[in-house]
Amino acid sequence: MKSSVNARLPRFTEEESKELQGSLDFVGLNYYTAYYVQNASEELDPSLRWYESDRQATVGHVGPDGKLIGEAMVCMCVWDGVRECTGFFKFLNRRKKCHSIHLQGPPQIGWIFNCPWGLPKLLSWMENRYGKEEFQAHPIIITENGCMDRELNVSKRKALNDTRRINYLSGSLEHLANAIRNYGYNVQGFFAWSLIDNFEWESGLVCRFGLHYVDYDNKLKRYPKASAKWFKAFLAGK
C-alpha cells in the first residue's frame, strides 16, 4: 500500500519524528465486523486515487464455501425513488431516494456482520505488527462497537425490542474478555456505539445505531431499548 500511495503520504522531518515519539496516550480501536480479503494488486486500476485502489485488495462477506462470514445485521439502503433520503446526500443537494429491503442474502445486505471473534484477532495482529512490549505499554480503548437496526426507518415498537443488538454486543464483550484473560491485552475501555440514534452519514436518520430510540417526530423524545437495559445491568454486574 505504501508503494501505491507513495507521494501522497505525508513526509515528516527528523525533528518532527522525534517529537512524535512517546506522544501516544492510548490506542483507540473501532471494530464492527470482519471480511474476507483477497489480493487484487494486478486487477485494480492504479490511476484511481481512493482507498479501494490504494489497499490493492478486494474484500467480501462470502467465503469460499459460499456462506456469509457472519450473521448479516441489517438490510442495506438502495436508491429507487421510494422514500427521500435524509442523510449526507441531502446536504449535497442531490435528489436521491432510498428505502429498506428485506434481508434475502447477498448482495442485498449491509456492511456489518456479527463476527465477534474478529476483535481479538485485530488485537493479536496489532501486537504482532508493533511488538508486544510497545503495544502493551499503552491503554487500549474500544472506541466504537455496535450495529444498526435490522430495518431502515424501523418502527419504535420493533426498535425497542432489539435482541439482535444484545447478541451482537454480548458476543463482542465475551470475546474481548477472553482475550484479556488469555493474552493480557491492556484494554481499559469499551464504548458501545451508540448511546442514542444518531445522524449516520449518507443514511441520515433512517439508520439507527442507538441503545436509545430517538423519536424524531416528537421533540426528539428518547426511549431506552432492550439493549440499553441489558447494558446497564451488565455494567452493574447483574
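This is a predicted model: local features need pLDDT of at least 70, side-chain atom pairs count only at pLDDT 80 or more; totals for chains, interfaces and linings use all residues.
## A first look at backbone and ring features

Leu 220 is found in the loop between strands E10 and E11. Its phi is near 60 degrees, a positive value in a residue other than glycine.

**Backbone geometry**

- Most residues other than glycine have a negative phi, and most peptide bonds are trans.
- Lys 219 is another residue to look at here: this non-glycine residue has a positive phi of about 55 degrees.
- Lys 219 is placed in the loop between E10 and strand E11, which spans 221-224.
- With a relative accessibility of 83%, Lys 219 counts as exposed, because the cut-off for exposed is over 50%.
- The peptide bond that joins Trp 193 and Ser 194 is cis, with omega about 0 degrees.
- To find Ser 194, look in the loop between strand E9 (187-192) and strand E10 (212-215).

**Aromatic pairs**

- Searching the whole structure turns up 9 aromatic pairs.
- Tyr 35 is partly exposed, at 32% relative accessible area, whereas Phe 113 is buried, at 0%.
- Trp 230 and Phe 234 also form an aromatic pair, this one stacked: the centres are 5.6 Å apart and the planes are at 20 degrees.
- Both Trp 230 and Phe 234 belong to helix H9 (residues 226-235), where they are 4 residues apart, about one turn of the helix.
- Trp 230 counts as partly exposed at 23% relative accessibility, and Phe 234 is partly exposed as well, with a relative accessible area of 39%.
- Tyr 32, Trp 111 and Phe 209 come together as one aromatic cluster.

**Charges over rings**

- The ring of Tyr 223 has the charged end of Lys 156 sitting over it, 4.1 Å from the ring centre.
- Arg 129 lies over the face of Tyr 130, at 4.9 Å from the centre of that ring.

How values were computed: Residues are numbered from 1 along each chain as its sequence is written. Side-chain values use heavy atoms; hydrogens and water are left out. Helices (H or I, at least four residues) and strands (E, at least two) are DSSP runs, numbered from the N terminus. Buried means under 20% relative accessible area, exposed over 50%, partly exposed in between (1.4 Å probe, protein chains only). Rings of Phe, Tyr and Trp (its six-membered ring) pair if their centres lie within 6.5 Å; planes under 30 degrees apart count as stacked, over 60 as edge-to-face and the rest as tilted. A charge sits over a ring if NZ of Lys or CZ of Arg is within 6 Å of the ring centre and within 35 degrees of the ring normal.
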